[in-house]
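Then follow the contacts into the core and out to the domains.

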Amino acid sequence: MTELEALLAELERCAGPDDPRAVQVLSRMLDRLLRAPIADCALCAWQDLARIAGAIRASGGTVTAEQQAGIDAAFEEGAKLLVPFDPSAVPSPASLPARVARALRPGRNDPCRCGSGRKYKRCHLAEDERAAH
Ligand SMILES: [Zn+2]
């Protein structure tokens, strides 16, 4: 039986979330996952930590500053997996077959796809028109 399985078994023996032992077991579980996550992706690892911290608080317990720092660090790690949106990575309609390109073009008065903030007709429309012919 792994340490985590033992903790889960211990948690099951608690009378319920109001049982003062539950908070203590959850806190040890949190420490165990902070030492070595079981999830294979950083975001899932953070989610596990956040869930247990939530359960501790819901049971009237407190998450220590040290534990919270570990959870925050795990979040930073997970956030690295979220790639920021890069408008320049959106394919130019001109590079696509004409029919698809037309369907994907913004409306004349919509914001341009390049993220300039200008209306499409005042930005890339002319360029797309030229490329389409
Ligand atoms: Zn543009």
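The axes of H3 and helix H4 (residues 65-79) come within 8 Å and cross at roughly 150°. Axes here are lines fitted to C-alpha atoms, for helices over the stretch in contact, with angles from 0 to 180 degrees between N-to-C directions. Helices are DSSP runs (H or I, at least four residues), numbered from the N terminus. H3 and H4 are therefore roughly antiparallel to each other, a label for angles over 145 degrees.

This is a predicted model: local features need pLDDT of at least 70, side-chain atom pairs count only at pLDDT 80 or more, and totals for chains, interfaces and linings use all residues. Residues are numbered from 1 along each chain as its sequence is written.

Which residues of H3 meet H4? They are Ala-42, Leu-43, Ala-45, Trp-46, Leu-49, Ala-50 and Ala-53. Their partners in H4 are Ile-71, Ala-74, Phe-75, Glu-77 and Gly-78. Contact means C-beta atoms, placed from the backbone, within 7 Å.

Leu-49 also touches Leu-30, Leu-33 and Leu-34, not counting residues up to four places away in sequence. Leu-49 and Leu-30 are among the residues with the most contacts inside the largest nonpolar core, which has 14 residues. Such a core joins buried Ala, Val, Leu, Ile, Met, Phe, Trp, Tyr and Cys residues through C-beta atoms within 7 Å; buried means 20 or more other C-beta atoms within 10 Å of a residue's own. Helix H2 (20-35) and helix H3 (42-58) each supply at least two residues of this core. H2 gives the most, with seven.

Now step back to the whole chain. Domain 1 covers 3-79 and domain 2 covers 87-132, with bounds from an automatic or database domain assignment. Their C-alpha centres lie 48 Å apart.

Key: A residue is buried if 20 or more other C-beta atoms lie within 10 Å of its own, exposed if 12 or fewer, and partly exposed in between; C-beta atoms are placed from the backbone. Two residues are in contact if their C-beta atoms, placed from the backbone, lie within 7 Å. Angles under 35 degrees count as roughly parallel, over 145 as roughly antiparallel, 65 to 115 as roughly perpendicular and the rest as oblique.
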